[in-house]
Amino acid sequence: MGMAKLKIAGAWSGVLEVELEEWTVSMLREEVIRRSGCVAPPESINLICAGKLLKDGDGTEKLSQLGIKNNAKVLASKVSPDRGKSFKEESLAEEERSSRLSRLKAAATSLAQRHAEGSLPVEDFNLELENQSGEKVQLGSDTDQRAIMMGLMLHANGKALIRREQYREALEVLTMGEEAFSLCNPKVIEMVDNVAILQIDLVWCYFMLQDISWLSVAGIRLAKAREGLERAHGKEASRVRLLQGGRYPEIALHVRLELLEGVVGYHSGQFEKARQSLSSAQAKYFQLQIPDEALSVLLSMGYKEGDAKKALRMNNQDVQSAVNFLVEEKEKAAIKREEDHRRQREILEQKCYGMTPLRKAVNLQYLYELVSIGFEKELAAEALRRNENDTQKALDDLTNPETNSAIQLHIESKKKKRLRQEENATIEQLVAMGFPRERVVTAVRTFGTRQAALNHLLGQSNSSSAMAADESASSLSNNGGEDGNPPIPNNDGGDSVSADADASGSNADSTGPSHSEVEENRDVEMEDELTGELLRGDAYSDYDLDITQEGEAITQYLTLLTSAK
């Protein structure tokens, strides 16, 4: 048959003359590696022709038998690091990966259930849905809220894995996020872009893994993504432009989308469609390149490089608009910090009141309404707690002399129980310091406070030895006793041992786990991993992409299309 020419692109670009009747896939791969000048094992290079991954088979199959003809185009792509693992390594890691995924899903389910249904948080924060302006939003029913929260947490975790180039693990987590979103009412989710962005992230993982077997699925996902973005952002992003005051947050996302559409088009043989998508992606890519002069102006004003670049990209490289954006974002961050601190204080207050029979937190808005009309706060909180935050029933109990008296007796009983617990804890801690139990009991019950009892036991008066006693107590509080006993709690009652006791002991008629049991059963490691990504993000995290790899891929595929003429 003679010599044939193959147009190679990717890891090495050029034209190879081969004998199709003699050459095998492994021979072609070795020649590409040799000409590329890189030292790499054969399995680190994938060869793709006409949308098909060329496989070695039994090593005897010739290129002509695989349907490769003269002037065929072959893409030589380097395999992602996590594709280069041996089968044995993959098998050993599979069990650990499966266990981690199960834990991650269980943690996301638990977090979403607690925070979407108004349960008393065991953390010092609340997970709440916000729009891009930072405003709290209620999307659908509790079930919808739970599904969206779970989907958002898993999506954020998947994106973190993508940043670490762990694409196969990211695929698995993103797929779980997609399943979570699917549990939500479609009418509720269709006006937000999260599901569309998740589709793009899934296909990006396929692309980075160079897994041609996902080609048909990738096309379907990208079609869904484009439809979802248009529905959420409006035709030609008109809705985004209106909501964002003329800003351009979505351009980087469309660079990635159009690149992937171009890749799918190329490998499907739809070259004209691929060229249009890639050309559009390239134009947007150039639009996002930061002029040195504009960046220099923002850096001279004291802004960090990452923040300055983000602001310029979001504002079409306009310096004044970028400065306004940075100022607004700083103000929003300050407001959010204050809001977070306020919410932390509220959660601490709610924990003091315990859980309702259905394990919900006392509604502070309803509590303040009852307090405003003259009811004592602790009394009103207990009335709301036992009546599942039903304001009318709580008001009935508070205005009924019999139930009001019963609530007061219950509160007094709790206070006495808390005081006994604190007294017993103080006694045990002082005994652990080496003092005789009888003397400790007498001192604590006589002097009331831990500090006064300790001063008495040390044989020092309060006035002459306060400093020494403070130093001794501080040392014990920081380091514990020599025998490993726990440190002495602060005298301000900050440990709040009564909160857990109240949550479980006063709800004899409630079902399900108590607040303390929820705390014990938490997978803290997985929950922290999920919430950490959300707490570090902001309204623009989905759009703030480093598109360096996209730019390189666009150039590579446009070159392939040129050689296809």
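How many of the residues of β5 are buried? In this strand, 6 of 7 residues are buried (under 20% relative accessible area, with exposed over 50% and partly exposed in between, for a 1.4 Å probe and protein chains only).

## Basis of the description

The model is predicted: local features need pLDDT of at least 70, side-chain atom pairs count only at pLDDT 80 or more, and totals for chains, interfaces and linings use all residues. Residues are numbered from 1 along each chain as its sequence is written, and side-chain values use heavy atoms, leaving out hydrogens and water.

## The sheet

An open sheet of mixed pairing is formed by 5 strands, in the order β2-β1-β5-β3-β4. Its edge strands, β2 (14-18) and β4 (52-53), each pair on one side only. Strands are DSSP runs of E, at least two residues long, and helices are runs of H or I of at least four, numbered from the N terminus; two strands pair if DSSP finds at least two bridges between them.

Strand β5 (residues 72-78) runs parallel to β1 (residues 4-10), joined by 5 bridges; Lys7 has Lys73 of β5 as its bridge partner. With β3 (residues 45-49), β5 runs antiparallel, again through 5 bridges, and Leu47 stands opposite Ala76.

## The helix pair

Helices α3 (residues 142-163) and α6 (residues 194-209) pack with axes 11 Å apart, at an angle of about 30° (axes are lines fitted to C-alpha atoms over the stretch in contact, and angles run from 0 to 180 degrees between N-to-C directions). The two are therefore roughly parallel, a term for angles under 35 degrees.

Terms used: Angles under 35 degrees count as roughly parallel, over 145 as roughly antiparallel, 65 to 115 as roughly perpendicular and the rest as oblique.
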